[in-house]
Amino acid sequence: MASSLLTPTSLPSKSFNKSFNAHSISSFKLPVSLSFKPRTTLPKRFSLQAGLIKPDGGRLVDLRVAEPERDFKKRETTLLPRVKLTTIDVQWVHVLSEGWASPLTGFMRESEFLQTLHFNSLRLDDGSFVNMSVPIVLAIDDSQKERIGESNRVALVDSDDNPLAILTDIEIYKHPKEERIARTWGTTAPGLPYVEETITNAGNWLIGGDLEVIEPIKYHDGLDRFRLSPAELREEFERRNADAVFAFQLRNPVHNGHALLMTDTRRRLLEMGFKNPILLLHPLGGYTKADDVPLSWRMKQHEKVLEDGVLDPETTVVSIFPSPMHYAGPTEVQWHAKARINAGANFYIVGRDPAGMGHPVEKRDLYDADHGKKVLSMAPGLERLNILPFKVAAYDKTQGKMAFFDPSRAQDFLFISGTKMRTLAKNKENPPDGFMCPGGWKVLVEYYDSLTPSDNGRIAEAVPA
């Protein structure tokens, strides 16, 4: 699998020292008037410099302790108060440790938390801003707070009490759950998956501080070789002589509509003058809701997409993005875009209703389908990232393939929703030819066939990856 997903090109290895900057914009300053004009998504003037965009803050954060110091740090954890992490907490430690959230150096203290909630950005020491739209925080309860007492350092341990990290120079502050939920999701309606999983029953306090991660986070699920850090991705892009990197975020199997977005993006970048744009196909690998296809099955499906030639392995890097999923629509899509800047991407594909979901109570979408791409084009701290919005793709019955929807002949198009796709796969029925590559569809059918029926005869929901 690794050879098919990370196929080297035949081009000679080359290191680029110049920073690519698609259109020079000075550091963001808060305007007197808060009326932002959307940035044009395809600037007329590009500086086609070979190289990778600089990470937020100018350098990648790496919070992993150097190997010679690890044994010492492990011994130190035995002397410190301990905080036990949930599975999702560990995923956030992973995200922070590798610099996906650069320039953050640990779980948010109160000032960072409030800036994130109220401004969707963080002010740096030089007065500039970087985007940060979702809180990356660690909750503790009253008893944990009492045990920590006056200590300025705590050990973070996994469910088996193995020490993972030390949190230093800590700050403990109240966990305003309702405010956090309302500002992140725009609603406090019951049934939001991430909220129920991580916030509703979480402690009433948040603890922030600088992280010292004792050793790299591994999952031992056969997929760790695909969890490339931002630094490793940058090395891979440079090895492939990429002069542009365009990222595609997804948490679903790849159908031919997705492939159309990605292949058409490469065509557009070549027309704009780039010589070797590389696709970062970047499935989300952290927490997902129960009815999403688990990561292991999605990775099998992605492999078939490359094997069947739907995407070109020579110009595609498939890697796992370790972040948990919020399903917070226009708020969360900013996080997805910002993290890819740190991995070296200077173009970001955004389609319909990115990071959205159905309303948990009412029969409607929770977010406007177009707001994600509009917000990305205006978001403070994302000025250096070129946003590539696309029309929605649907199945064109006249051509027998996925195509961009043409409203002038709407009757020719068939929209195959995720629900419809899952129903077909569960019933072992085939979608229309041209919707998904045969190998990829077979994997999806096998996944639903693997689910054990519940006692009442209904298909059990998937377990989160």
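**Exercise 1.** At roughly what angle do the axes of helix α10 and helix α14 cross, and within what distance do they come?

*Solution.* Before starting, note that this is a predicted model, where local features need pLDDT of at least 70, side-chain atom pairs count only at pLDDT 80 or more, and totals for chains, interfaces and linings use all residues. Residues are numbered from 1 along each chain as its sequence is written, and side-chain values use heavy atoms, leaving out hydrogens and water.

Step 1: find α10 at residues 295-307 and α14 at residues 438-450; helices are DSSP runs (H or I, at least four residues) and strands likewise (E, at least two), numbered from the N terminus.

Step 2: the two axes come within 7 Å and cross at roughly 160°. Axes are lines fitted to C-alpha atoms, for helices over the stretch in contact, with angles from 0 to 180 degrees between N-to-C directions.

Step 3: α10 and α14 are therefore roughly antiparallel (angles over 145 degrees count as such).

**Exercise 2.** Which residues make the contact between α10 and α14?

*Solution.* From α10, pick Trp-297, Lys-300, Gln-301 and Lys-304; from α14, take Gly-439, Gly-440, Val-443, Glu-446, Tyr-447 and Ser-450. Contact here means heavy atoms within 4.5 Å.

**Exercise 3.** In what order do the five strands of the open sheet run?

*Solution.* Step 1: read them off as β10-β9-β8-β11-β12, with parallel pairing (two strands pair if DSSP finds at least two bridges between them).

Step 2: β10 (316-318) and β12 (386-389) are the edge strands, each pairing on one side only.

Step 3: check β9 (residues 277-283), which pairs with β10 over three bridges. Leu-279 sits opposite Thr-316 in β10.

How values were computed. Angles under 35 degrees count as roughly parallel, over 145 as roughly antiparallel, 65 to 115 as roughly perpendicular and the rest as oblique.
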